[in-house]
Amino acid sequence: MSHQLPAILFLLPLFAAISMPVVCLKHRHWSLPISVAILAAMVLVSILNLYNVIHHGEVRYVFSGWTAPFGIEWVADGLASVILVLLSILGLLGVVFTGPTSPKTLGGRIVHYYTLILLLVSSLTGIVFAGDLFNLFVFLEVAAISSYALVGVAGGRALFAAFRYLILGTIGASLYLLGVSYLYAVTGTLNMADIADKIPLLLNSKAVVGGLLFIFIGLGIKMALVPFHTWMPEAYTYAPDSISPIMAPLLTKVVLLALVRIIYWVLNASSAIYDIPILLLVAVLGVLAAVIGASLALAQRNIKMMFAYGGISHIGIILIGIGQGNQTGFAGGVFYLLNDAVMQAALFYIAGVALFQYGVRTIDDLGRIGKKAPWLTGSLVVVALGMIGLPPTGGFFGKWYIILGALESGDYVSVAAVVLSTLLTLAYFVKLFESLFRQSSTESDVQFGEIPISFKLTLGVTSAAVIILGLFSAPIIQLLLNHTLPPGL
Amino acid sequence: MADAFLAIFQRPNFLTFVIIFLWGFYIMVTRYNLVKKLIGMYLVQTSVIFFLVTIGAKKGATVPVLLSTTEPVQAASYANPLPQVLTLTAIVVGVATLGVGLALCGAIYRQYGSLDEQEILEKLE
C-alpha cells in the first residue's frame with residue numbers, strides 16, 4: 001500500500017478535477033468544499049508519504065509493470081516528498097483563500113475554475129515526481145495550460161498578460177522539448193537515471209551540449225530566471241487575487257526543482273561542459289537574478305508587481321545556494337525554497353486582502369489603511385522580517401546556510417550578491433512601511449468591515465509558518481541534509 | 001567553410017527544421033496581430049515535432065512487430081516507435097495550447113474590439 005502513495009497523491013486532485021463539472025452540475029456551491037476536502041486529504045497523504053520515505057527509503061513507482069528504462073518511472077525521494085508536503089499545504093491554503101475572493105464575473109463557470117486549480121495542483125505533483133524527461137515535459141505543459149487559463153479567467157487586463165505568458169511559455173516548452181529530443185537522439189533513453197549513467201562520457205558531444213542548453217533556456221523561461229522573466233510580473237499582477245497566491249509560490253519553485261533534478265540527478269554535480277562547470281553557471285545566473293530582481297522590485301509602485309519582482313530575486317538566491325556544489329549550500333538552498341514559497345504565498349495573500357478588503361492597489365494608497373487593519377499590518381511585518389532575513393524567521397537561516405555554503409566553496413561574489421539583495425529587499429520594504437505608517441492628513445473615516453475568517457486563517461497560518469520555520473530550522477536542515485541530498489554530493 | 005556548408009546539406013531534415021523554427025519565431029516576433037503570433041507559435045511547435053519524427057526515421061524499416069519469432073532479431077529492420085509516440089503526445093499538447101491561445105484571442109477581441117497588439121496597448125494606457 002505505502003508504495004502506491006505517489007500515485008494516490010497525483011490521482012486525488014486529478015480525479016476531483018475531472019469529476020468536478022459533473023458532480024457540481026446542479027450544486028455549484030459544492031465546488032469549494034470539495035476542493036478543500038480533496039486538498040486536505042492530499043496534505044495528510046503527503047505527510048504520510050514523507051514519513052514513509054524517511055523511514056523506508058525512496059519509492060520508485062513503476063507504471064503498469066514496465067520497468068525503467070522502458071516504462072515511465074516516478075521517483076518519490078526525500079526532496080520530492082518534502083516539496084510535496086509544501087505544495088499540498090500551500091494548495092490547500094490557496095483554495096481556502098479563494099473562497100471569498102474568486103472573481104464574481106464567473107457565475108456558473110466557477111466550477112471549471114476549481115477544476116483548473118485542482119488540475120494545476122495535480123500537474124505540479126507530476127513535475128515533482130517525474131523521473132522521465134518527457135513525462136516532465138507533459139506535466140510542465142499541463143501546469144502551464146491551466147495557469148494560462150487561470151491568469152486570464154477574470155478578463156480585463158489579465159487577458160493580455162495571459163496571452164504574453166502563453167506565447168513566452170510555449171517558446172520555453174518548445175525549447176525544452178527540443179533539448180529533450182537532442183538528448184534522446186544521443187543517448188536513446190528518456191529515463192533520468194538511465195541518462196545519468198550514459199551521459200558522463202558524452203558531455204563534450206555537441207548534441208548533448210546543445211540539448212542541455214535548450215533545456216536550461218526552456219526551464220529558465222518557465223521559472224522566470226532573470227533574462228527571461230518578463231512574463232512573470234505582469235501575469236502575477238493582473239491574475240485574479242485568488243490565483244496569484246497559488247501560482248506565485250508553487251509554479252516557479254516547482255520548475256526550479258525540475259532544474260535542480262536535471263543538474264544534480266541527470267548530470268553530475270561536478271560535470272563541466274567545455275571546462276565550464278555547470279554549477280558555476282547556475283551560481284552566476286543566481287547572482288544576476290538576485291540583484292536585478294531586487295533592484296527592479298525597488299522601482300515598482302504596484303504592490304503585487306513589487307512582490308512578483310521580489311520573487312524573481314529570491315529565485316536567484318535559491319540558485320546561489322544550489323550552485324555552490326556542497327552540502328551546506330544545497331540544504332540551505334532547499335530550505336530557502338521552502339521559506340520563499342511560504343513567504344511568496346503570504347505576500348500575495350496580503351496583496352489580495354489589501355485589494356479585496358481595502359481597495360489598495362499601489363503603495364501610495366497604503367497610507368489609508370494604516371492602523372485599521374491589524375491582521376494585514378501584523379502579517380506584513382512578520383513576512384517582511386522573513387523576506388529581509390532577520391533572525392527569528394526562516395528567511396534568516398536559509399540565507400545563513402547559503403552564505404556558509406558560499407564561504408565553504410570560496411565564492412565571495414555570491415556572498416556579496418546575497419548581502420546586496422538583502423539590502424535591496426530591506427529598501428523596498430522600508431518604502432512600503434514608510435507609506436503604510438505615514439500619517440496622512442486627509443485621513444478619511446471610512447470604516448472597513450470585519451475581514452472574513454478565511455483571510456485571517458491564511459494570513460495567520462503563513463505568518464506563523466515563517467516564524468516556525470525559523471524556530472525549527474535546525475531539525476529541518478538536519479532532515480534535508482539526511483534525506484534530500486543528491487547522489488555524489 | 002565549404003565543408004561545413006556541404007555538411008549542412010547532408011542532413012536536409014535538420015535544415016528544414018531550422019528553417020521552419022526560425023520562420024515561426026520570426027512571425028511571432030515581428031507580427032502585431034495576435035492570431036498571426038499564434039500561427040508563428042504553432043509553426044515553432046510543429047518544427048520541434050518534425051525534428052522528433054525525423055530522428056526516428058529509418059530507411060527500409062517496418063513497424064516494430066517481430067517478423068519471425070525463430071530468427072534472431074534484426075534491429076535494423078524495425079523502426080523505433082518511441083519518437084512517434086512522443087510526437088503524438090507533443091501534438092496533443094500543442095493543440096491544447098493553441099486552443100487556450102485562440103480562446104484568449106477571442107476574449108481579447110470581445111474586450112478591446114481589436115486583435116492588433118499596438119491598438120490594444122494604446123487602449124491599456
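Two strands pair if DSSP finds at least two bridges between them, and strands themselves are DSSP runs (E, at least two residues; helices are H or I, at least four), numbered from the N terminus. The model is predicted, so that local features need pLDDT of at least 70 and side-chain atom pairs count only at pLDDT 80 or more, while totals for chains, interfaces and linings use all residues. Residues are numbered from 1 along each chain as its sequence is written, and chains are lettered from A and ligands numbered from 1 in the order in which they are written.

**Exercise 1.** Find the sense in which strands E1 and E2 of chain A pair, and the bridge partner of A:Val59.

*Solution.* Start with E1(A), residues 59-62, which pairs with E2(A) in the antiparallel sense over 4 bridges. Within E2(A), the partner of A:Val59 is then A:Ala76.

**Exercise 2.** Determine how helices H5 and H6 of chain A are oriented and which kinds of residue form their contact.

*Solution.* First, H5(A) (residues 133-152) and H6(A) (residues 157-187) pack at about 175°, with axes 9 Å apart; the axes are lines fitted to C-alpha atoms over the stretch in contact, and angles run from 0 to 180 degrees between N-to-C directions. The helices are therefore roughly antiparallel, a term for angles over 145 degrees. Next, the contact (C-beta atoms, placed from the backbone, within 7 Å) includes A:Phe137 of H5(A) and A:Tyr165 of H6(A). Finally, its residues divide into 18 nonpolar (Ala, Val, Leu, Ile, Met, Phe, Trp, Tyr, Cys and Pro), 1 charged (Asp, Glu, Lys and Arg) and 2 polar (the others, Gly among them).

Key. Angles under 35 degrees count as roughly parallel, over 145 as roughly antiparallel, 65 to 115 as roughly perpendicular and the rest as oblique. Two residues are in contact if their C-beta atoms, placed from the backbone, lie within 7 Å.
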